[in-house]
Amino acid sequence: MDGVKRVATVLGNELARTNDVAFFSMASTPSFFELNATLIKTSKPVNTGRSFHGSKPLTIYSSQIHDLIQTLIQGNYDIVILTAGLLTSFSPLIKAEVPQV
């Protein structure tokens, strides 16, 4: 596991002490780090084991983005934290579909 995942886990666990927090995973594998909040997994997991270095990530990961957007809507979340590279590219689609987040 890399440092970004560790930082996200530490941040999420600390926020979970006083807020309603959920982690969302695009992989089917269990979390390497202990989570103090619910782990929601996409219905179509992607388990590449490496960073994405291709083109058209919004097309390639459209199912996972859709699942994340539906999770945000159904869970009535206020904030989403997208960690690094690939995930930050999802932000325009999320904002378009769930503008209050």
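## Ser 25 and strand β1

In this predicted model, a polar atom of the Ser 25 side chain sits 3.1 Å from the backbone nitrogen of Ala 27. That is a polar contact (a pair of N or O atoms within 3.5 Å; within protein, one must be able to donate a hydrogen and the other to accept it, and residues adjacent in sequence count only if both atoms are side-chain atoms). Ser 25 belongs to strand β1, residues 22-25. Helices and strands here are DSSP runs numbered from the N terminus (H or I, at least four residues, for helices; E, at least two, for strands). Ser 25 counts as buried because its relative accessibility is 15%. The classes are: buried, under 20% relative accessible area; exposed, over 50%; partly exposed, in between (1.4 Å probe, protein chains only). Leaving out residues up to four places away in sequence, Ser 25 touches Leu 39, Ile 40, Lys 41 and Thr 42, where a contact means heavy atoms within 4.5 Å.

Ala 22 is also in strand β1, and with 27% relative accessibility it counts as partly exposed. With residues up to four places away in sequence set aside, Ala 22 touches Ala 37, Thr 38, Ile 40 and Tyr 77. From Ala 22 to Lys 41 it's 19 residues in sequence and 10 Å in space, C-alpha to C-alpha.

## The nonpolar core

The largest nonpolar core has 11 residues: Met 26, Tyr 61, Ile 65, Leu 68, Ile 69, Leu 72, Tyr 77, Phe 90, Ile 94, Val 98 and Val 101. Helix α3 supplies the largest share of this core, four residues. To count as a core, buried Ala, Val, Leu, Ile, Met, Phe, Trp, Tyr and Cys residues must be joined through side-chain atoms within 4.5 Å. In soluble globular proteins, nonpolar side chains tend to be buried together.

Take Met 26 as a way in: beyond its neighbours within four places in sequence, Met 26 is in contact with Thr 42, Pro 45, Val 46, Tyr 61, Gln 64, Leu 86, Leu 87 and Phe 90.

Leu 11, Leu 15, Ile 79 and Ile 81 make a nonpolar surface patch of about 370 Å². Patch residues have over 30% relative accessible area and no salt bridge, with like charges joined within 9 Å and nonpolar side chains (Val, Leu, Ile, Met, Phe, Trp, Tyr) within 5 Å. The areas come from the Shrake-Rupley method with a 1.4 Å probe, and for residues only the protein chains shown count as cover. Ile 79 sits in the loop between α3 (62-75) and α4 (85-88), and it counts as exposed because its relative accessibility is 65%.

## One salt bridge

A search of the whole structure turns up one salt bridge (a side-chain nitrogen of Lys or Arg within 4 Å of a carboxyl oxygen of Asp or Glu). Glu 14 pairs with Arg 17, with the closest N and O atoms 3.1 Å apart. Glu 14 is partly exposed at 45% relative accessibility, while Arg 17 is exposed at 65%.

## Two positive phi values

Most residues other than glycine have a negative phi. Lys 56, not a glycine, has a positive phi near 60 degrees; Lys 56 lies in the loop between β2 (38-41) and α2 (57-60). Asn 76, not a glycine either, has a positive phi of about 55 degrees, and Asn 76 is in the loop between α3 and α4. Lys 56 is exposed, at 60% relative accessible area, and Asn 76 is exposed with 60%.

## Ground rules

Residues are numbered from 1 along each chain as its sequence is written, and side-chain values use heavy atoms, leaving out hydrogens and water. As the model is predicted, local features need pLDDT of at least 70 and side-chain atom pairs count only at pLDDT 80 or more, while totals for chains, interfaces and linings use all residues.
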